[in-house]
Amino acid sequence: MAWHVSVLTLFPEMFPGFLGVSLAGKALRNGLWSYNTYDLRHYGLGRHQAVDDTPFGGGAGMVMRVDVLDNALSHVGYPKDRPLIYLTPRGEPLTQKKVRQYAAAPGLTILCGRYEGVDERIFSCHDMELVSVGDFVLSGGEGAALVMMDACIRLLSGVMGGEESADEESFSEGLLEYPQYTRPAEWKGMSVPDILVSGNHRAIRAWRRQEAEKITQLKRPDLWQAYISRSVK
Ligand code: ADE
């Protein structure tokens, strides 16, 4: 069975978005993953199929109604073996470790919020994992869902060209990527590091690791600290 994502959203036309092209698009056409969208508007109430209302206590924006969301989730259903995810800046930060777990599951069910969010009571009747894709605020969960799906899809078996490329990436071992170069070897007076054209694969591996460590220390001291405390153990 292909890795499958069910997306509940007010904007089904946002899917598959950029996942319809390139690596993920090819994998989609080859049946390595699949998705369905469910339009939350279909569960809206009244003549206008209202899905949201003004917040109790006042304030700007609109809040998605708990009865509408509950109806949608109950009607669509979500298999227990697939994590049910709600995307929000308040969620657990998405890490490569979590991505590996999600990619290893049979798939995901994702609820995308819009406006100022969802009525808090929805979390009492549906057990969801709250996930954030970063410390910034998007206008809705759809962009975050696509980002999260992309990170998972590239890890699915058969998706990446070179089998080792997903694995070899330094992020999977907690370091940022080392610098890469390709032809031309000389460009605007700049040459590529000699070691990379030396043919000495051991030395190249050592150089790359050293560069990855340097870049991580410089750009992401937080990742560097986590990396060294792990290698000490
Ligand atoms: N929805 C809005 N902003 C988000 C974020 N940073 N991560 C996940 N979902 C979001």
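Numbering starts at 1 along each chain, following the sequence as written. Because the model is predicted, local features need pLDDT of at least 70 and side-chain atom pairs count only at pLDDT 80 or more, while totals for chains, interfaces and linings use all residues.

Start with confidence. The protein chain has a mean pLDDT of 95, and 95% of its residues reach 70 or more. Where pLDDT is low, the predicted coordinates should not be read in detail. The model scores are ipTM 0.97 and pTM 0.94.

Now the whole chain. Its C-alpha trace spans about 70 × 40 × 40 Å along the principal axes. The secondary structure comes to 8 helices and 9 strands. These are DSSP runs, numbered from the N terminus: helices are H or I with at least four residues, strands are E with at least two. An automatic or database assignment sets the domain bounds. Domain 1 covers 3-153 and domain 2 covers 169-232. Their C-alpha centres lie 36 Å apart.

Two residues are in contact if their C-beta atoms, placed from the backbone, lie within 7 Å. Among contacts between residues at least 6 apart in sequence, 75% join residues at least 24 apart. A residue is buried if 20 or more other C-beta atoms lie within 10 Å of its own, exposed if 12 or fewer, and partly exposed in between; here too, C-beta atoms are placed from the backbone. Of the 233 residues in the protein chain, 25% are buried.

Turn to the ligand. The residues around the ligand include Leu87, Thr88, Pro89, Phe136, Gly141 and Ala144. Two elements give two or more residues to this shell: strand 5 (84-93) and helix 5 (141-153). Strand 5 gives the most, with 3 residues. By class, the shell has 7 nonpolar, 4 polar and no charged residues. Nonpolar means Ala, Val, Leu, Ile, Met, Phe, Trp, Tyr, Cys and Pro; charged means Asp, Glu, Lys and Arg; the others, Gly among them, count as polar.

Follow helix 5. It has 13 residues and reaches 18 Å from its first C-alpha to its last, close to the 18 Å expected at 1.5 Å a residue. That expected span is 1.5 Å times one less than the number of residues. Buried residues in helix 5 include Gly141, Ala144, Met148 and Cys152.

End on strand 5, where Pro93 is found. Pro93 is exposed, because it has 11 other C-beta atoms within 10 Å. Pro93 and Glu211 are 118 residues apart in sequence and 27 Å apart in space, C-alpha to C-alpha.

Notes
Near = placed C-beta within 6 Å. pLDDT = per-residue confidence, 0-100.
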